[in-house]
Amino acid sequence: MTTDPTVLVVGGGATGAGVARDLALRDVDVMLVDRDGLASGTSGRSHGLLHSGARYAEADLESAEECLAENRILKDIAGACIRDTGGLFVRLAEDDEDYFERKMAACKAAGIEVERLDGDEAREQVAGLSDDVVEAFRVPDGVVYPSRLVAANAADAEAHGAAVRPNTPVTDVTVSNERIDSVELGGDLDGTVRPEIVVNAAGAWAGQLAEMAGATVGMAPSRGVMVAVEYDDLGPVLNRCREPDDGDIIVPHEGEVVLGTTSVPVNDPDEYDRPDWEVERSVSECAAMLPSVADAPTVRTWWGVRPLYAPDEAGSDRRGISRGFTVIDHADEGVSGLVSVVGGKLTTYRRMAEVTADRVCARLDIDATCETATRRLPAVDETDRLDELVEQYGGANPTDSSTVGTATAVDE
């Protein structure tokens with residue numbers, strides 16, 4: 001076993017890796033663990049959208065502004081972990097014209113730069129775009145390669161003294177005198193650590209980890225399907241400009257596009273149905289924007305589970321749950337030393353990590369400021385080296401396996 005860390009971060013997705021990096025840059029002794037390879041949970045099973053904030057602008061202004069701010073930061077610091085494709089919100093003839101106007105006005109209110117296009121102008125931008133598109137507006141969306149993004153964060157954390165341990169599940173948590181006493185780790189490490197603070201960055205599994213410590217996190221996970229099909233040179237991300245629904249986004253990747261998605265509540269983020277109707281509906285709905293995807297060969301299909309936080313959630317429709325994030329200090333429920341970070345988006349992982357690291361440093365009485373908004377991630381201008389890091393930490397995940405290295409993902 002290694003020396004007991006001051007902080008144990010549980011969950012090797014973007015947020016957990018971001019927390020580990022942020023703390024390591026502040027000279028905090030930190031260990032990052034994940035039960036599988038890094039980014040193998042929600043981060044690496046998304047559609048890979050770098051949000052401009054436009055998707056949330058009219059319903060959740062704060063989340064939209066967070067997305068926009070982090071979008072701009074990642075374009076400065078993340079290099080080949082992202083691709084600046086731009087995006088279009090398109091309105092079909094059957095879609096609500098008033099909603100289109102509200103969406104565009106809300107984007108402007110959030111500070112999102114927009115450019116209005118008529119249907120013909122939109123088709124000039126996107127070959128094969130449906131004749132039913134009557135208007136559109138441009139937004140600064142992009143694409144994230146989460147396997148690379150997480151690997152770059154983990155590598156920088158290690159370079160500054162962190163221990164990064166994939167394939168190391170938490171098997172038990174012991175609480176004594178109302179604080180975390182020890183954490184049992186299995187897998188490759190197989191031993192016990194006694195950190196001063198545990199950061200629960202387990203995403204959709206955050207409730208399960210909290211329960212091990214006798215704490216509560218009100219997760220409301222929701223599954224969604226992604227379908228990658230062969231398609232060259234889409235260009236921008238396509239978003240259907242209507243109330244959020246199934247099959248309303250198409251994300252360009254190299255030699256393919258990812259079609260998505262659905263939103264179906266699940267009780268267990270490991271055990272849930274994967275019905276054919278979700279695949280069929282996503283494809284057919286996306287084909288309303290880009291007709292040729294209906295007959296394009298399928299490359300792979302996968303599901304991801306959104307780590308939605310909604311302690312009072314009782315309904316079955318979870319699309320309306322905020323995509324903002326929450327940091328919870330469980331000292332209030334008698335578990336001092338446990339901090340959970342829940343909710344949020346892949347796009348806002350860095351900000352989530354910053355707020356969490358601020359909270360942890362305050363508990364540890366450490367006076368150090370965050371550097372991650374301006375400090376460029378390592379190896380992001382060297383794709384071969386970046387992809388070597390991906391392999392080192394567990395390999396590429398379904399979202400970006402067509403781009404990252406030579407790894408392939410298994411269809412589900």
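**Stop 1: a buried pair**

Select Arg91 and Glu135: both are buried (under 20% relative accessible area, where over 50% is exposed and in between is partly exposed, with a 1.4 Å probe and protein chains only as cover). Before you go on, note that this is a predicted model, where local features need pLDDT of at least 70, side-chain atom pairs count only at pLDDT 80 or more, and totals for chains, interfaces and linings use all residues. Residues are numbered from 1 along each chain as its sequence is written, and side-chain values use heavy atoms, with hydrogens and water left out.

Now show the side chains of Arg91 and Glu135. They form a salt bridge at 2.7 Å, N to O (a side-chain nitrogen of Lys or Arg within 4 Å of a carboxyl oxygen of Asp or Glu). This pair links distant parts of the chain, with Arg91 in strand S5 (residues 87-92) and Glu135 in strand S7 (residues 133-139), 44 residues apart. Helices (H or I, at least four residues) and strands (E, at least two) are DSSP runs, numbered from the N terminus.

**Stop 2: around Arg281**

Next, pick Arg281 and Asp246, whose side chains meet in a salt bridge of 2.8 Å, N to O. Arg281 sits in helix H7 (residues 276-287) and Asp246 in the loop between strand S15 (237-240) and strand S16 (249-253), so the pair ties together parts that are 35 residues apart in sequence. Arg281 is partly exposed, at 29% relative accessible area, while Asp246 is buried at 9%.

Glu285 counts as buried, with 18% relative accessibility. Which residues do the salt bridges with shared partners join into one network? Select Glu94, Asp95, Arg240, Arg242, Asp245, Asp246, Arg281 and Glu285 to see it.

**Stop 3: out to the surface**

Switch to a surface view and color Asp96, Glu97, Asp98 and Glu243: they gather in a patch of negative charge. Patch members have over 30% relative accessible area and no salt bridge, and like charges are joined within 9 Å. Asp98 lies in helix H3 (residues 97-109) and counts as exposed, at 51% relative accessibility.

**Last stop: zoom out**

With the whole chain in view, you can look for nine helices and 21 strands. Along its principal axes, the C-alpha trace spans about 65 × 45 × 40 Å. Of the 412 residues, 62% count as buried, and the whole structure holds 30 salt bridges.

Methods:
Patches are made of residues with over 30% relative accessible area and no salt bridge: like charges are joined within 9 Å, nonpolar side chains (Val, Leu, Ile, Met, Phe, Trp, Tyr) within 5 Å. Accessible areas come from the Shrake-Rupley method with a 1.4 Å probe; for residues, only the protein chains shown count as cover. Lys and Arg count as positive and Asp and Glu as negative; His and the chain ends are not counted. The place of a charge is taken as NZ of Lys, CZ of Arg, CG of Asp or CD of Glu.
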